[in-house]
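Here is a short briefing on one protein chain. Look over the sequence and the model, then take the points by topic.

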Amino acid sequence: MSDVLSDLTRKPDRRGDRPVLDAVFDECVVATVSTVIDGQPWVIPVLVVRDGDRLLIHGSTGAGALRHAAAGAPMAISAFLLDGIVVAERQFDHSANYRSAVVRGTCRVVEKVDRAATLDRFTDALLPGRPAECPPHTASEVAATVVLELPITEDNWVAKQRSGPPAAPEAEVWTGVIPVRQTYSAPESDSGLDVPASVAAVVARHGLP
């Protein structure tokens, strides 16, 4: 990677490798899609799933930004994970421990024949086992949904990260890191039925210890 996207001109030591990118998109759940429509920048939040060497996003066929991307407009998908607030001696040196990734390019539309299976993979990445608990997709549901895939190639992404403590202070003051993590709380429902196995499992995995 040697283009403008991947050349970090400031703090190149924070460049991340492909495993960093994979971890970001495997953990982030929500990403942003950026493109330009009629000369104006557009950024929308979306659920995102990494499926091997591609990123999957989906939405209504009526969604303007997704329609624009489906028509072949260049776009970028970015995500950021905050791992900690770095508290330094001086405000200027405060920072964050983080991992981030950006993938850019042109999306491909997942054809209707593969769309239901791809939607299952999308759901299964967010809630493992959930597709088997749900009825199959109807033809109208598949027709109303656009599914886009953005390939991850050798030269269309950049990942960054920072970890570790702040610089050593000059005076006798407290410095350190406030760890940050995303947690899931107990499921809420009015159904009165048992929590599905897929939901219970994801809460157990991401809930507070």
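Val36 lies in strand S2, which spans residues 30–37. The coordinates come from a predicted model.

- Beyond its neighbours within four places in sequence, Val36 is in contact with Pro41 and His68.
- Asp93 sits 57 residues from Val36 along the chain, and 35 Å separates their C-alpha atoms.
- S2 pairs with S3 in the antiparallel sense, over eight bridges.
- One of the pairings at the residue level links Ile37 to Gln40, its bridge partner in S3.
- The hairpin of S2 and S3 has two residues between the strands. Asp38 in this hairpin takes a positive phi near 55°.

**The open sheet**
- Four strands make up an open sheet, ordered S4-S5-S9-S8, with antiparallel pairing.
- S4 (49–50) and S8 (108–109) are the edge strands; each has a single partner strand, so one side of each has no neighbour in the sheet.
- Strands of a sheet pair through backbone hydrogen bonds, in a parallel or an antiparallel sense.
- S8 and S9 (residues 145–151) run antiparallel and are joined by two bridges.
- Val109 stands opposite Leu148 of S9.

**Thr145 in S9**
- Is Thr145 buried or exposed? Thr145 is buried, because its relative accessibility is 15% and the cut-off for buried is under 20%.
- Thr145 belongs to strand S9.
- Setting aside residues up to four places away in sequence, Thr145 touches His58, Gly59, Thr61, Arg115 and Leu119.

**Helix H3 across the sheet**
- Helix H3 (residues 112–126) lies across S4, S5 (54–60) and S9. The angle between H3 and S5 is about 105°.
- H3 has 15 residues, and 22 Å separates its first C-alpha from its last. That is close to the 21 Å expected at 1.5 Å a residue.
- Which residues of H3 are buried? They are Arg115, Thr118, Leu119 and Phe122.
- In an α-helix, residues three or four places apart point the same way, because there are 3.6 residues a turn.
- The cover over the buried residues of H3 includes S3 (40–47), S4, S5, helix H5 (139–143) and S9.
- Two of these buried residues, Arg115 and Leu119, are also among the contacts of Thr145.

**The largest pocket**
- The largest pocket has a volume of about 570 Å³.
- Its lining has 24 residues. Asp26, Glu27, Cys28, Val29 and Gln182 lie nearest the centre of the pocket.
- Helix H1 (18–27), S4, S6 (75–87), H3 and H6 (197–206) each supply at least two lining residues.
- Which element gives the largest share of the lining? Strand S6 does, with four residues.

**Ala204 in H6**
- Ala204 lies in helix H6.
- Ala204 is exposed because its relative accessible area is 62%, and exposed means over 50%.
- Ser185 is 19 residues from Ala204 along the chain, with 9.1 Å between their C-alpha atoms.

How values were computed
Residues numbered from 1 in each chain as written. Predicted model: local features only at pLDDT ≥ 70, side-chain atom pairs only at ≥ 80, totals over all residues. Heavy atoms only, no water. Pairing = 2+ DSSP bridges. Contact = heavy atoms within 4.5 Å. Axes fitted to C-alpha atoms, helices over the stretch in contact; angles between N-to-C directions. Buried < 20%, exposed > 50% of the residue type's maximum accessible area, 1.4 Å probe, protein only. Expected span 1.5 Å × (residues − 1). 1 Å grid on protein atoms, 1.4 Å probe; cavity = no way out; pocket = protein on both sides within 12 Å on 5 of 7 lines; lining within 4 Å. Points joined across faces, edges and corners; volume = space filled by probe spheres on them.
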